[in-house]
Amino acid sequence: MVEDPLATADCLQITREVGFDRLLMGGKPYTTSCPLPFQADSVKTARDVTRSTLRGWGLHELSDDAALVVSELVTNAVRYAMRAAGRSEIELLLMRVAPHVLLAVADPSDEVPRRKEPDFISENGRGLYIVETYSQCWGWDPLARGGKAVWALFRADA
């Protein structure tokens, strides 16, 4: 649920004006990016980077929920994104735009992510449901270089 739609819209407008492609290049204040290979242990690396970054920003209380969401986003990218345009990795981006934290995972696939109705008996298919449940909102944006960035937005009051 979006508590402050204007602040949320401002945060998302900033990312769209700057562009995820430029943000992924890193070097911006309160922005961390991390390339990840297409392999299962990238999920653990993404969780560790997320927790470490958020704790470094003084956002300890957000680190577990954000790590869970990043796990789902990276798992989806590793599982479903095909290697395209010569790119053999995905990229994690964390960005602090007070009062929000934006988490994004870029992958080379142009396939649109679709949330399924959760089947609580099945072992898969709940990833975007979890992302939607734990984040303020989520979505995706196409990348200029091809592929997409799937993102989740959290409110951080620290």
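Trainee: How many aromatic pairs does the count come to?
Mentor: This is a predicted model in which local features need pLDDT of at least 70 and side-chain atom pairs count only at pLDDT 80 or more, while totals for chains, interfaces and linings use all residues. Residues are numbered from 1 along each chain as its sequence is written, and side-chain values use heavy atoms, with hydrogens and water left out. Rings of Phe, Tyr and Trp (its six-membered ring) pair if their centres lie within 6.5 Å. By this rule, the count is one aromatic pair.

Trainee: Which geometry do Tyr30 and Trp57 form?
Mentor: Planes under 30 degrees apart count as stacked, over 60 as edge-to-face and the rest as tilted. Tyr30 and Trp57 lie 6.0 Å centre to centre with 55° between the planes, and the pair is tilted.

Trainee: How many residues apart in sequence are the parts that the pair ties together?
Mentor: Helices (H or I, at least four residues) and strands (E, at least two) are DSSP runs, numbered from the N terminus. Tyr30 lies in the loop between helix H2 (20-24) and strand E1 (31-37), and Trp57 in the loop between helix H3 (42-56) and helix H4 (63-80), so the parts tied together are 27 residues apart.

Trainee: Which residue in E5 is the bridge partner of Gly139?
Mentor: Strands E4 (residues 137-142) and E5 (residues 148-155) pair in the antiparallel sense over six bridges. The partner of Gly139 in E5 is Trp151.

Note on methods. Two strands pair if DSSP finds at least two bridges between them.
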